[in-house]
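Subject: Structure for you to look at

Hello,

Here is the structure I promised to pass on. Please open it beside this email and follow along.

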Amino acid sequence: MQTNVEPVTPSRESILRVDKVSRRFRATKALQELDMTVPAGEIVGLLGRNGAGKSTLLRIVGSMIKPNAGDVTVDGDKVYNNARALGKLCMIGDTPDFGHLSKPADLFYVCRGLFPAWDEPYALELMERFDFPIRQKKMRTFSLGMQTALMLCVGLASGAELTVFDEPSLGLDAVMRERFYDLLVEEKRRHPARTFLLSTHLIDEVARVLDAAVLIDAGHLLCAGTVEALQRGYLSVSGAPEAVRELTEGLVCLKEEELAGSLVRHVKLGTPEEGERISADGRVRTAPVSLQRLFVFLTEEKEAERHAANA
């Protein structure tokens, strides 16, 4: 499938590279020759619906499983069973698991040995900002949301060059979700060289903090690029039905909706000039297509191609 988006530029320094990675579980192809890069010093979204292959990819990045084919490198070093590469990585999974550890102090003691740039004063500050109960309370008594928040504190305070959060808002209420994203942006400002990869299917929730995004589905790359570039090739046009149809004639219409007497068309642009021409017409309103809707449109387009190929 051809997408008129700007890819993540190969010449930019990339801390994470995924090169032709495939992984099969018996008859299930979880990843199929996946190529992607994560530029250093950015907040990047690994976006896809449940079952897209995100968790499998993260297990490979964390050296928990080995790919059937292809390579994954962190800062140029292959990750599988490589202490040098894994030492630059902090992986926060979607299910908190504290093992035999009892209290946050025990967890932080382990973190001091795991992460060379571990910032314990910052970790304690983060606990206060997440409104944690008494510091010495046992972690097994925490709610799922508090356990998740504690691991988010670990990820932010780890100081790791590449920090990966898998479904970071799992179990958090709306206030705590927003607080985490605000803290993430704040930490990125404090340490611009750090790179964060957020893996989630909640695309609208994370869109505001992302510099770039990688969209995958069914183990394949859909598209990748800066958020601005991904949205640049698409436009939502609304207004009187006659004007919308006239101005979007000849463009690929991804979805059409009728709302209170107005027509909304989400279209794929052939050139930037087409978007400028439509936006300059005073008869209609235009807006970028949201990242989540763009993902839905691209996924549906890819599914239609697969059905056509199998027909």
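Start with helix H11. In this predicted model, H11 lies across S11, S12 and strand S13 (262–268). Its direction is at about 125° to S12. Read this helix with some care: H11 (residues 291–310) has the lowest confidence of the elements, with a mean pLDDT of 82. The highest is in strand S7 (residues 162–166), at 97.

Now the sheet under discussion. Four strands make it up, in the order S12-S13-S11-S14. The sheet is open, and its pairing is antiparallel. Which strands stand at the edges? They are strand S12 (252–259) and strand S14 (284–287). Each has a single partner strand, so one side of each has no neighbour in the sheet. On average, neighbouring strands here are turned by 20° against each other, direction ignored.

Helix H10 (residues 272–280) also packs on this sheet. H10 touches S11 and S14, and its direction makes about 20° with that of S11.

Look at S11 next. How many of its residues are buried? Six of the six are, so S11 is largely enclosed by the rest of the structure. Follow the side chains along the strand. Tyr234, Ser236 and Ser238 point one way. Leu235, Val237 and Gly239 point the other way. All of these are buried.

S11 has pairings you can trace residue by residue. With S13, S11 pairs in the antiparallel sense over six bridges. There, Val237 has Arg265 of S13 as its bridge partner. Four bridges join strand S11 (residues 234–239) to S14, again antiparallel. In that pairing Ser236 stands opposite Ala287, and Ser238 has Arg285 as its bridge partner.

There is another sheet to find. This open sheet has six strands, in the order S6-S7-S8-S3-S9-S10. Its pairing is mixed. Strand S6 (89–92) and strand S10 (220–226) are the edge strands, and each pairs on one side only. From one strand to the next, the twist averages 15°.

Then turn to a pair of helices. Helix H3 (residues 104–114) and helix H4 (residues 120–129) have axes that come within 11 Å. They cross at roughly 145°, and the crossing is right-handed. Which residues meet there? From H3 they are Pro104, Phe108 and Arg112. From H4 they are Glu120, Ala123, Leu124 and Met127. Sorted by class, this contact has five nonpolar residues, two charged ones and no polar ones.

The protein averages a pLDDT of 90, and 95% of the residues score at least 70. Residues 1–11 are another matter, with pLDDT below 50. That stretch still has 31 contacts in the model beyond near neighbours in sequence. Where pLDDT is low, the predicted coordinates should not be read in detail.

Best wishes

Technical notes:
Residues numbered from 1 in each chain as written. Predicted model: local features only at pLDDT ≥ 70, side-chain atom pairs only at ≥ 80, totals over all residues. Heavy atoms only, no water. pLDDT = per-residue confidence, 0-100. Helix = DSSP H or I, 4+ residues; strand = E, 2+ residues; numbered from the N terminus. Contact = heavy atoms within 4.5 Å. Axes fitted to C-alpha atoms, helices over the stretch in contact; angles between N-to-C directions. Left-handed = near helix turned anticlockwise from the far one by under 90°. Nonpolar A, V, L, I, M, F, W, Y, C, P; charged D, E, K, R; others polar. Pairing = 2+ DSSP bridges. Buried < 20%, exposed > 50% of the residue type's maximum accessible area, 1.4 Å probe, protein only.
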